[in-house]
Amino acid sequence: MFDAQDGLQFDVLRNTVDAGAWKDVTSNEVSPRGMTPLYDAIGTLIDRAETEMQRRAAAGEPEEDQLLVIFTDGMENHSRRWDRTELFARVEAKQAEGWTFVFMGANQDSYASGRAMAMAAGNVSDWSPTHDGHLLAYSSASRATREFRAKPRAARRRDRDDCFGGVKEAARP
């Protein structure tokens with residue numbers, strides 16, 4: 001979770017969780033807190049994932065695929081460290097390394113926002129910022145993530161531009 005109420009606040013809700021042990025993110029864990037330093041949050045998340053990958057390599061642990069899910073109810077409006085051009089290049093480079101990025105957004109054209117950050121259209125979904133919309137979006141992200149992570153590595157790499165498997169339950173009609 002991230003916001004900019006008191007500088008960039010970035011809370012990690014799940015970190016290096018095996019797909020079989022994943023617990024759904026609940027509305028008790030997340031709530032809007034104000035301002036959206038979206039580019040800074042994504043850049044910070046990439047930094048943290050790279051640090052974890054380096055730690056694993058140094059410990060002789062096997063490499064893991066990277067799946068980053070960005071879930072936001074607001075458009076970029078407060079980043080200080082990263083701009084759109086820099087983030088686009090970074091996401092594009094990570095995708096070339098096999099990383100998968102998913103972008104779910106409300107209160108915006110998520111496809112335009114995702115495209116501006118180099119996200120594949122098959123990994124982008126709008127969602128409605130209502131109670132039912134939140135539940136549907138969390139459920140959709142959970143299903144897609146669970147199914148994607150359960151695939152063999154070769155299939156994940158092949159399908160990395162369509163994490164939702166063509167089904168976007170939360171997308172507005």
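## The nonpolar cores

The largest nonpolar core holds 17 residues, and those with the most contacts inside it are Ile46, Phe101, Met117 and Met119. A nonpolar core here is a set of buried Ala, Val, Leu, Ile, Met, Phe, Trp, Tyr and Cys residues joined through side-chain atoms within 4.5 Å. Two or more residues each come from helix H1 (38-58), strand S3 (67-72), helix H2 (84-96) and strand S4 (100-105). H1 gives the most to this core, with five residues. Apart from this core lies another one, of twelve residues, among them Met104, Ala106, Trp127 and Ala144. In soluble globular proteins, nonpolar side chains tend to be buried together.

This is a predicted model, in which local features need pLDDT of at least 70 and side-chain atom pairs count only at pLDDT 80 or more, while totals for chains, interfaces and linings use all residues. Residues are numbered from 1 along each chain as its sequence is written, and side-chain values use heavy atoms, with hydrogens and water left out.

What does Ile46 touch? Leaving aside its neighbours within four places in sequence, Ile46 is in contact with Leu68, Leu87, Arg90, Val91, Lys94, Trp99 and Phe101. Contact means heavy atoms within 4.5 Å.

## The chain as a whole

The chain contains five helices and five strands. Read from the N terminus on, its elements run β-β-α-β-α-β-α-β-α-α. Helices (H or I, at least four residues) and strands (E, at least two) are DSSP runs, numbered from the N terminus.

Of the 173 residues of the chain, 41% count as buried. Buried means under 20% relative accessible area, exposed over 50%, and partly exposed in between (1.4 Å probe, protein chains only). The chain exposes about 9,200 Å², and carbon and sulfur atoms supply 51% of that area. Accessible areas come from the Shrake-Rupley method with a 1.4 Å probe, and for residues only the protein chains shown count as cover. Among contacts between residues at least 6 apart in sequence, 73% join residues at least 24 apart.

## The sheet and its helices

Three strands make an open sheet in the order S3-S4-S5, with parallel pairing. S3 and strand S5 (124-126) are the edge strands, each pairing on one side only. Two strands pair if DSSP finds at least two bridges between them. Neighbouring strands of this sheet are turned by 10° against each other on average, direction ignored. S3 and S4 pair in the parallel sense over six bridges, and the bridge partner of Val69 in S4 is Val102.

H1 packs on the sheet, touching S3 and S4, and its direction makes about 160° with that of S3. Helix H4 (residues 131-150) also packs on the sheet and touches S3 and S4; its direction makes about 175° with that of S3. For these values, axes are lines fitted to C-alpha atoms, for helices over the stretch in contact, and angles run from 0 to 180 degrees between N-to-C directions.

Is Ile70 buried or exposed? Ile70 counts as buried because its relative accessibility is 4%. Not counting residues up to four places away in sequence, Ile70 touches Leu38, Ile42, Phe101, Val102, Phe103, Met104 and Met119. Ile70 and Ala141 are 71 residues apart in sequence and 9.9 Å apart in space, C-alpha to C-alpha.

Over in helix H4 you can find Ser140, which counts as buried at 1% relative accessibility. Leaving aside neighbours within four places in sequence, Ser140 is in contact with Phe164, Lys168, Glu169 and Ala170.

## Aromatic pairs

The structure holds three aromatic pairs; two of them are set out here.

| Pair | Ring centres | Planes | Kind |
|---|---|---|---|
| Phe71 and Tyr138 | 4.9 Å apart | at 25° | stacked |
| Trp99 and Phe101 | 6.2 Å apart | at 20° | stacked |

Rings of Phe, Tyr and Trp (its six-membered ring) pair if their centres lie within 6.5 Å; planes under 30 degrees apart count as stacked, over 60 as edge-to-face and the rest as tilted.

Phe71 in strand S3 and Tyr138 in helix H4 are 67 residues apart, so this pair links distant parts of the chain. Phe71 is partly exposed, with a relative accessible area of 24%, whereas Tyr138 is buried, with 16%. Both Trp99 and Phe101 are buried. Phe71, Trp127 and Tyr138 form one aromatic cluster.
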